[in-house]
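Here is a walk through one chain of a model and its contact with a partner chain.

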Amino acid sequence: MSALRRLRRNFVVLAGLGTLAYLVLPNVIVTVFSFNKPNGRFNYEWQRFSTDAWTDPCGVADLCGSLSLSLRIAVWATIGATVLGTMIAFALARYRFRARSAVSTLIFLPMAMPEVVMAASLATLFLNMGISFGFWTILIAHVMFCLSFVVTAVKARVMSMDPRLEQAAQDLYATPLQTFLRVTLPIAAPGIAAGALLSFALSFDDFIITNFNAGSTVTFPMFVWGAAQRGTPVQINVIGTAMFAIAVLCVLVGQLVGRRKRRS
Amino acid sequence: MTTSTAPAPETPATPPAVARAARRRRRVPYWLLLPGILWLLVFFAAPLVYQASTSVQTGSLEEGFKVTWHFATYADALSEYYPQFLRSVAYAATATVLCLVLGYPLAYLIAFKAGRWRNLLMILVIAPFFTSFLIRTLAWKTILSDNGLVVSTLNSLHVLDVTGALGVTEGHRVLATPLAVVCGLTYNFLPFMILPLYTSLERIDPRLHEAAGDLYARPVTTFRKVTFPLSMPGVVAGTLLTFIPAAGDYINAELLGSTDQKMIGNVIQSQFLRVLDYPTAAALSFILMAAILAMVTVYIRKSGTEDLV
């Protein structure tokens, strides 16, 4: 009995760690190959150690331009989607109104639709309207597909919040605006932050929808896609590694801050 | 997502000022909804209608396209590209099953066994999200390269002979075979499986495990009768979040496969962006959308978790 149980426990741990290795392995490869000095145009085979790419991360034409474009789009898309999505989430969580289920369906559908379908149909609309592709079409598309994720994240948080807190604030003669700013918003903040973070990640990394709606504008994922055909500079790996490091660092700092707050 | 509404504000029939305030309050949700819903209607719903109309148009780039109710586009598209449709469904389904098989132990590990390592493991699951997934997919080209460690190990163990006989690999290599594409799809959508699984596993009261053990259930029985059924919402959400994007994906097939592994996403992309045959691209994506919505609806009904939506 106990031998069987131990075996099973080890099986779950081993299988889980195996999956984790499968998930993390590509990141390890990306990091290791950021120190490679490839012979040809493609950075797929290990040749020899070099820090050339790290000392000159923008040494490839258009790479850093595409990166800064992606960052700008991600920031604006995050702001847009977070504001619009939070408003919808509050309406859904706090009010009764007609067409409620239609609204819920409209929020759910973009998440249940393959990206390529949304991408092709939105591009069809832009083509028909004679709108030229570029920064604005990308931004419009990104706000569109990030919106539903923000609504989901914020709604979950607002619904789990005790409505009596707001009533208490009003009993204490807080105006509706004060109640919202001092009580509601702080409690909803983690949900809003989660939605914003998710929007940023989704927008920054989006390829399929951008591919259809960018025209000749090149975001960072589009640059990588093109590089996969023309030749992959080592600098791509440098940026990939740096992004990974920054993300892990942010999460760790956030955790530490959170732990200290809880302790005090 | 369940929808339970907070009680509507009570509106006592008293002074006109109060009544006016109540009326204003009743209008609040519509103002809150207006900009976001308008955005979705114009840039999500309207394009789908446009798409439907484009799919029955004929014409050329030079002369423009006109609605001629040319439904033959659908028949032509299906008869020409049904292999890619079937392949997409097969690859996506295989990747989904693999994600479930690989993801479940990890989600279980994080939910029940990780202890103080829980947060670190969660970070490791989520962090890859923040490296562009195109770069990570390209890394698989290195991992699976013909003279790489993985392929030579698989060759010396004669695994590739077996998979070659089964038709999922070809010529003692992995890249440019169905195996590579499915491997890439599985990798890319694994976190989408793990997160909902973890969420539903974490909600399970560990005392239920103890109770099952006290009632002489063997661990396997406990898992089969208690843990797995309780994690069903996560399983359903995870399989949907994996299958839907995987079925429409064209990145893995493009980067890791050859022309023999093209999926329906590749066809739509090249019809739209290279061939510029908009009606065919529209018809194909309409079929894909309808097929997926139908499958999802049936699946949600069957699995009895309608409160998911």
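Chain B of this predicted model has an average pLDDT of 87, and 94% of its residues score at least 70. For the model as a whole, the ipTM is 0.89 and the pTM is 0.88.

The secondary structure of chain B consists of 13 helices and 2 strands. Chain B is more spread out than a compact globule, because its radius of gyration is 25 Å, well over the 19 Å that the globule rule gives for 309 residues. Along the principal axes, the C-alpha atoms of chain B fill a box of roughly 85 × 75 × 35 Å.

Within chain B, burial and contacts can be read next. Of the 309 residues, 42% count as buried. Among the contacts in chain B with a separation of 6 or more, 67% join residues 24 or more positions apart.

The remaining topic is the contact between the two chains. Chain B contributes 77 residues to it and chain A contributes 73 residues. On the side of chain B that touches chain A, the most comes from helix α1 (residues 16-55), which gives 19 residues. By residue type, that side of chain B divides into 59 nonpolar, 15 polar and 3 charged residues.

Technical notes:
Residues numbered from 1 in each chain as written. Chains lettered and ligands numbered in written order. Predicted model: local features only at pLDDT ≥ 70, side-chain atom pairs only at ≥ 80, totals over all residues. Contact = placed C-beta atoms within 7 Å. Helix = DSSP H or I, 4+ residues; strand = E, 2+ residues; numbered from the N terminus. Nonpolar A, V, L, I, M, F, W, Y, C, P; charged D, E, K, R; others polar. Rg over C-alpha atoms; globule rule 2.2 N^0.38 Å. Buried ≥ 20, exposed ≤ 12 C-beta atoms within 10 Å, placed from the backbone. pLDDT = per-residue confidence, 0-100.
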